[in-house]
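Dear colleague,

I am handing over the structure below, and the notes that follow it set out what was found. Please read them with the model open beside you.

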Amino acid sequence: MKIGIVGTGMVGSTAAYALVMRGFGSEIVLVDKDKKRASAEANDILHAVPFAHPLDIFSGDYADLKGCRVVIVAAGVSQKSGETRLELLQRNADVFRQVIPEVLTVAKDAVIVVATNPVDIMTHMASHFASQMGVPKSRVLGSGTTLDTARFRSLLGRHLDVDSQHVHAYVVGEHGDSEVVSWSSATIAGMSLEEFCEVRKLSLTQEHRDSIDENVRRAAYHIIEGKGATYYGIGSALARIVHAILNNQRAILTVCGRVDAVGDVKDVTIAMPHLIDGEGLVDSIPIALSNAEQSALQASAAVIREAIDSINL
Ligand code: ADP
């Protein structure tokens, strides 16, 4: 199955590498306005294929996206010095105004997976441009808090000495400062964290919780401070999302998608657990949040909606 990636900076190309290493798909096409970069990334990753899984990876133009089941969009521009967040958003809106119709004109049936930050807002824009072409909103999703959820599970697993794949816990809301780390809905082996700690004679104090929360929420800042960018985690999360789509898996992942309302915030794109199949978003799954978490989710939705309202679409 064919996968396209538009935008082959660190995030797009790491996603391609993750797809190759895991053997997802049979053909991967890299497209970037910087053709030299796309071609160099495709060649570099091609040389990893003999050590991974048999598939083809090459760079091309939009026309080469024909037949893609999934297209990851990681294209974007970075902040210029002195530029405001809003000016940057507006320039990224212009990138998507061009990219999304180009992709959907060629890859008519593809599910679009947006990775460009701020991902909730960029996914909302992608959905807006896609809807102008009659594409249903279920076919546009973003990486949302898939990575934040993985960070939460890994830190909880480490603290409670259990494999993170056996921790069920979610981060919802904006992929950013206002995201909601949901402690109240977290379970391990069908038990709440309090029950699990009692059974296993472990302690999970408020201090532990605060430290895990901080490390989930501020992870990107800490990583960027140390190495200038984050890409391995998000690249792997994107590969996981693509896998769910290619395999019609009906997986539940905290991607972001456009929903009618979160409380009194209408028409907003936000991360929540979503059921995902081969056609994209099937439904959002409302997890049971505590009252405080529910209010935090609404506040987070308001932050996203305010940013959406500030752009000229
Ligand atoms: P990240 O670290 O998020 O991957 P980068 O700035 O490294 O960010 O990568 C963004 C990529 O998007 C760059 O390779 C850039 O050339 C590409 N890009 C920007 N605008 C467009 C566009 N209109 N069409 C295709 N690719 C684009």
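Ala107 sits in the loop that runs between α3 (85–106) and β5. Please keep in mind throughout that this is a predicted model. Ala107 counts as buried because its relative accessibility is 2%, which is under the 20% limit for that class. When its neighbours within four places in sequence are left aside, the residues in contact with Ala107 are Leu65, Cys68 and Val71. Ile285, by contrast, lies 178 residues away from Ala107 along the chain, and the C-alpha atoms of the two are separated by 28 Å.

**The two domains**

The protein chain is divided into domain 1, covering 2–142, and domain 2, covering 146–310. Taken over C-alpha atoms, the centres of domain 1 and domain 2 are separated by 23 Å. As for how they meet, 32 residues of domain 1 are in contact with 34 residues of domain 2, and the area buried between domain 1 and domain 2 is about 2800 Å², with carbon and sulfur atoms giving 70% of that area.

**The second largest pocket and helix α5**

The second largest pocket has a volume of about 530 Å³. Its lining is made up of 18 residues, and those nearest the centre of the pocket are Ala150, Arg153, Gln165, Arg240 and Leu253. Which elements each supply at least two residues of this lining? They are α5 (146–160), β7 (167–172), α9 and β10, and α5 gives the most, with 6 residues. Sorted by class, the lining of the second largest pocket holds 7 nonpolar, 9 polar and 2 charged residues.

Helix α5 is also the place of Arg151. Is Arg151 buried or exposed? Arg151 is buried, because its relative accessible area is 14% and the class takes in values under 20%. Beyond its neighbours within four places in sequence, Arg151 is in contact with Val216, Ala219, Ala220 and Ile223. The C-alpha atoms of Arg151 and Asp177, which are 26 residues apart along the chain, are separated by 15 Å.

**Backbone points to look at**

As background to this part, most residues other than glycine have a negative phi, and most peptide bonds are trans.

Pro118 itself is placed in the loop between β5 (111–114) and α4 (119–131).

Asn248 is not a glycine, yet it has a positive phi of about 45°. Asn248 is found in the loop that lies between α9 (232–246) and β10 (251–253). With a relative accessibility of 47%, Asn248 counts as partly exposed, because that class covers the values between 20% and 50%.

Asp267 likewise has a positive phi, of about 45°, although it is not a glycine. Asp267 belongs to strand β12, which is made up of residues 265–271. The relative accessible area of Asp267 is 28%, so Asp267 is partly exposed.

With kind regards

Methods. Residues are numbered from 1 along each chain as its sequence is written. This is a predicted model: local features need pLDDT of at least 70, side-chain atom pairs count only at pLDDT 80 or more; totals for chains, interfaces and linings use all residues. Side-chain values use heavy atoms; hydrogens and water are left out. Helices (H or I, at least four residues) and strands (E, at least two) are DSSP runs, numbered from the N terminus. Buried means under 20% relative accessible area, exposed over 50%, partly exposed in between (1.4 Å probe, protein chains only). On a 1 Å grid over the protein atoms alone, a cavity is a set of points where a 1.4 Å probe fits but cannot get out, and a pocket is an open set with protein on both sides within 12 Å along at least five of seven lines; lining residues have an atom within 4 Å of a point. Grid points are joined across faces, edges and corners, and a volume is the space filled by probe spheres set on the points. Ala, Val, Leu, Ile, Met, Phe, Trp, Tyr, Cys and Pro count as nonpolar, Asp, Glu, Lys and Arg as charged, and the others, Gly among them, as polar. Domain bounds come from an automatic or database domain assignment. Contact means heavy atoms within 4.5 Å. Buried area is the accessible area (1.4 Å probe) that two parts lose on being put together, summed over both.
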